[in-house]
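Dear colleague,

Please find the structure below. My notes on the fold and on one helix pair follow it.

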Amino acid sequence: MKTVTLPDGRGLPVMGLGTWRMGERGSDKAAETRVIQKALDLGISLIDTAEIYGNGGSERVVGDAIRGRRDDAFIVSKVAPSNASRRGTIRACEASLGYLGIETLDLYLLHWRGGVPLAETVEAFETLKTQGKIRAWGVSNFDVDDLEDMPNLAECSANQVLYNPQSRGIEFDLLPFCQSHNIPIMAYTPLGQSGVVLKNAAIAGVARRHNATPGQVILAWGIRHAGVVTIPKTATLARVEENLGAVSLQLSAEDLAEIDRAFPAPRRKASLEML
Ligand code: NDP
């Protein structure tokens with residue numbers, strides 16, 4: 001799997017799996033576990049979860065899926081801003097590790113910026129690293145000004161943000177900022193949650209030319225930049241392999257121009273969109 005290099009030298013796979021809305025209903029759990037295991041079987045090691053997804057339900061499903069095969073997975077979880085104090089971050093991380101049934105998170109993110117001073121959260125992240133409970137830390141939903149306020153920015157190992165053809169504001173300044181500071185971008189909601197982007201005629205045209213699916217075109221579009229990885233969510237077994245196909249899909253200048261006409265690139269700064 002192609003990777004983006006983290007500040008500590010490890011590789012972050014360009015294709016991952018999102019798990020928002022997994023673990024919410026007991027009746028779906030077995031199928032969701034199979035989807036995550038299928039992703040691992042195919043080499044999609046990057047699994048994204050968060051303490052707030054299903055109140056720990058998503059982390060539990062991920063935990064079930066990786067039991068006995070911890071080394072196949074690169075697990076990312078997130079602390080909610082309401083828990084991001086010095087002590088709260090440590091407690092939240094320990095709870096996440098318990099739900100996941102693991103000793104160490106590969107990457108731990110602050111889900112979005114809240115009222116707790118960033119220095120406190122970063123201090124807790126550094127303590128967790130020293131204790132061996134996380135290997136690296138990063139942020140999510142941070143715009144350029146938030147990153148500029150960040151203590152220890154050189155240690156910040158990812159910024160997970162909304163990015164898909166319909167929401168491409170980050171291309172104006174956040175993406176170049178992150179690229180120049182070696183902070184990988186994790187594109188969330190890369191398919192626009194199955195909405196208008198997947199049904200767009202220009203995307204369908206590009207897909208036909210490549211004998212690919214609209215989902216593959218949209219995901220390939222997202223990871224065309226250096227330093228960007230993607231974490232589409234699917235709970236449908238067949239779509240795991242479909243989405244992985246995006247990694248080997250090369251879009252041409254003509255394809256990109258067509259997508260630009262349907263979804264124009266940003267021409268000025270706008271505040272970072274988030275869900
Ligand atoms: P996505 O853009 O990944 O879309 C998911 C939806 O698309 C699901 O309904 C899924 O259906 C469907 N889908 C998946 N693959 C295909 C395909 N090939 N063709 C057609 N439809 C498809 O939305 P998410 O909002 O879930 O974002 C992905 C992940 O990003 C989340 O799961 C979460 O881990 C993370 N995230 C992080 C946020 C943050 O603030 N940091 C905010 C939002 C998301 P089905 O499951 O039925 O296959």
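In the protein chain, 78% of the contacts with a separation of 6 or more are between residues 24 or more positions apart; two residues are in contact if their C-beta atoms, placed from the backbone, lie within 7 Å. This is a predicted model, where local features need pLDDT of at least 70 and side-chain atom pairs count only at pLDDT 80 or more, while totals for chains, interfaces and linings use all residues. Numbering starts from 1 along each chain as its sequence is written.

The protein chain has 11 helices and 10 strands (DSSP runs numbered from the N terminus: H or I of at least four residues, E of at least two). Its radius of gyration is 18 Å, close to the 19 Å from the globule rule for 275 residues, so the chain is as compact as a globular protein of that length (taken over C-alpha atoms; the rule is 2.2 Å times the number of residues to the power 0.38).

Now the helix pair. The axes of helix 8 (residues 201-210) and helix 11 (residues 253-262) come within 9 Å and cross at roughly 165° (lines fitted to C-alpha atoms over the stretch in contact, with angles from 0 to 180 degrees between N-to-C directions). Helix 8 and helix 11 are therefore roughly antiparallel (over 145 degrees). Helix 8 contributes Ala 202, Ile 203, Gly 205 and Val 206 to the contact, and helix 11 contributes Asp 255, Glu 258, Ile 259, Arg 261 and Ala 262.

Regards

How values were computed:
Parallel < 35°, antiparallel > 145°, perpendicular 65-115°, else oblique.
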